[in-house]
Amino acid sequence: MKDRPPPADVSLVFPPDPVWVRAAREAVRTVLTAADRHDLADTALLLTSEAVTNAVNACASSNCTTPVTLFAGWADPHRLRVLVHDEAPGIPACRTPASDEEHGRGMQLISYGADAWGVCTHGPGGGKATWFELGLGR
């Protein structure tokens, strides 16, 4: 029997524009398909949409035009890690919005849906990265 190749990683750099949310989701879908991890797809795509939308919105509200970066890859053969970096000021917070608010649930969805997640400000360049992991329970 032939050994399976190691899972693939992907990165995508794009302008902070909402039209790129779909491309980010599709990049993550490709990583999952290549690894035959369809069981993670629904959650991974939802959380990717939320993290990328948060980054795009943060850039829009602060007139930040530097690109957003998505990285999706395997921390180990079972654990998907998705990281979204932007250079807008501020740190996203997990909060409970009022029932009539249209925005503010992205980090809450990430915190509920991910096996692990966080926001970090260290690394090259300015800004911050929102990350999450799935597949820890396998």
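**View 1. Asp36, a partly exposed loop residue with a positive phi.** Asp36 comes out as partly exposed, at 44% relative accessibility. Look for Asp36 in the loop that runs between helix 1 and helix 2. Its phi sits near 55°, a positive value in a residue that isn't glycine. Keep in mind for this view and the rest that the model is predicted.

**View 2. Asn63, another non-glycine residue with a positive phi.** This one is found in the loop between helix 2 and strand 2. Phi of Asn63 is near 55°, again positive without being a glycine. As for accessibility, Asn63 counts as exposed, at 69%.

**View 3. The largest nonpolar core and the residues at its centre of contacts.** This core has 34 residues, and those touching the most other members are Val28, Leu32, Leu70, Leu80, Val82 and Val84. At least two core residues come from each of strand 1 (10-14), helix 1 (20-34), helix 2 (41-62), strand 2 (68-76), strand 3, helix 3 and strand 5 (128-134). Helix 2 gives the largest share, 10 residues. As a bit of background, nonpolar side chains tend to be buried together in soluble globular proteins. Zoom in on Val28 and, leaving out neighbours within four places in sequence, you'll find it in contact with Ala44, Leu45, Thr48, Leu70, Ala72, Leu80 and Val82.

**View 4. Strand 2 and its pairing with strand 1 and strand 3.** Strand 1 and strand 2 run antiparallel and are joined by five bridges. To get your bearings, find Val13, which stands opposite Thr69 in strand 2. Strand 2 also pairs with strand 3, again in the antiparallel sense, this time over seven bridges. Strand 2 and strand 3 make a hairpin, with two residues between them. Here Asp76 stands opposite Arg79 in strand 3.

**View 5. A salt-bridge network with Asp76, Arg79, Arg81 and Glu133.** The structure holds six salt bridges, and these four residues are linked in a network of such bridges. Glu133 is buried, with a relative accessible area of 6%, while Arg81 is partly exposed at 31%.

View 6. Arg29 and Glu26 meet through their side chains in a salt bridge of 3.2 Å, N to O. Both lie in helix 1, three residues apart, which is about one turn of the helix. In general, an α-helix has 3.6 residues a turn, so residues three or four places apart point the same way. Arg29 is partly exposed at 36%, and Glu26 is partly exposed at 31%. In the other pair, the side chains of Arg37 and Asp39 form a salt bridge of 2.8 Å, N to O. Arg37 counts as buried at 3% relative accessibility, whereas Asp39 counts as exposed at 54%.

**View 7. Phe14 and Trp20, a stacked aromatic pair.** The count of aromatic pairs comes to one. Phe14 and Trp20 make up that pair, stacked at 5.7 Å centre to centre with 15° between the planes. Phe14 is buried, at 1% relative accessibility, but Trp20 is partly exposed, with a relative accessible area of 29%.

**View 8. Cys59 and Cys64, cysteines without a disulfide.** There are zero disulfides in the structure. Cys59 is in none, and its nearest cysteine sulfur, that of Cys64, is 3.9 Å away. Cys59 is buried, with a relative accessible area of 1%. Cys120 counts as buried too, at 16%.

**View 9. The buried residues of helix 3.** Gly106, Met107, Gln108, Ile110 and Ser111 are buried in this helix. The buried residues of helix 3 pack against helix 2, strand 4 (116-120) and strand 5.

**View 10. Pro89, exposed in a loop.** Pro89 lies in the loop between strand 3 (79-86) and helix 3 (106-113). It's exposed, with a relative accessible area of 62%. Not counting residues up to four places away in sequence, Pro89 touches Ser62 and Lys128. Pro89 and Lys128 are 39 residues apart in sequence, and their C-alpha atoms are 8.2 Å apart in space.

How values were computed
Residues are numbered from 1 along each chain as its sequence is written. This is a predicted model: local features need pLDDT of at least 70, side-chain atom pairs count only at pLDDT 80 or more; totals for chains, interfaces and linings use all residues. Side-chain values use heavy atoms; hydrogens and water are left out. Helices (H or I, at least four residues) and strands (E, at least two) are DSSP runs, numbered from the N terminus. Buried means under 20% relative accessible area, exposed over 50%, partly exposed in between (1.4 Å probe, protein chains only). Contact means heavy atoms within 4.5 Å. A nonpolar core is a set of buried Ala, Val, Leu, Ile, Met, Phe, Trp, Tyr and Cys residues joined through side-chain atoms within 4.5 Å. A disulfide is a pair of cysteine sulfur atoms within 2.5 Å. Two strands pair if DSSP finds at least two bridges between them. Rings of Phe, Tyr and Trp (its six-membered ring) pair if their centres lie within 6.5 Å; planes under 30 degrees apart count as stacked, over 60 as edge-to-face and the rest as tilted.
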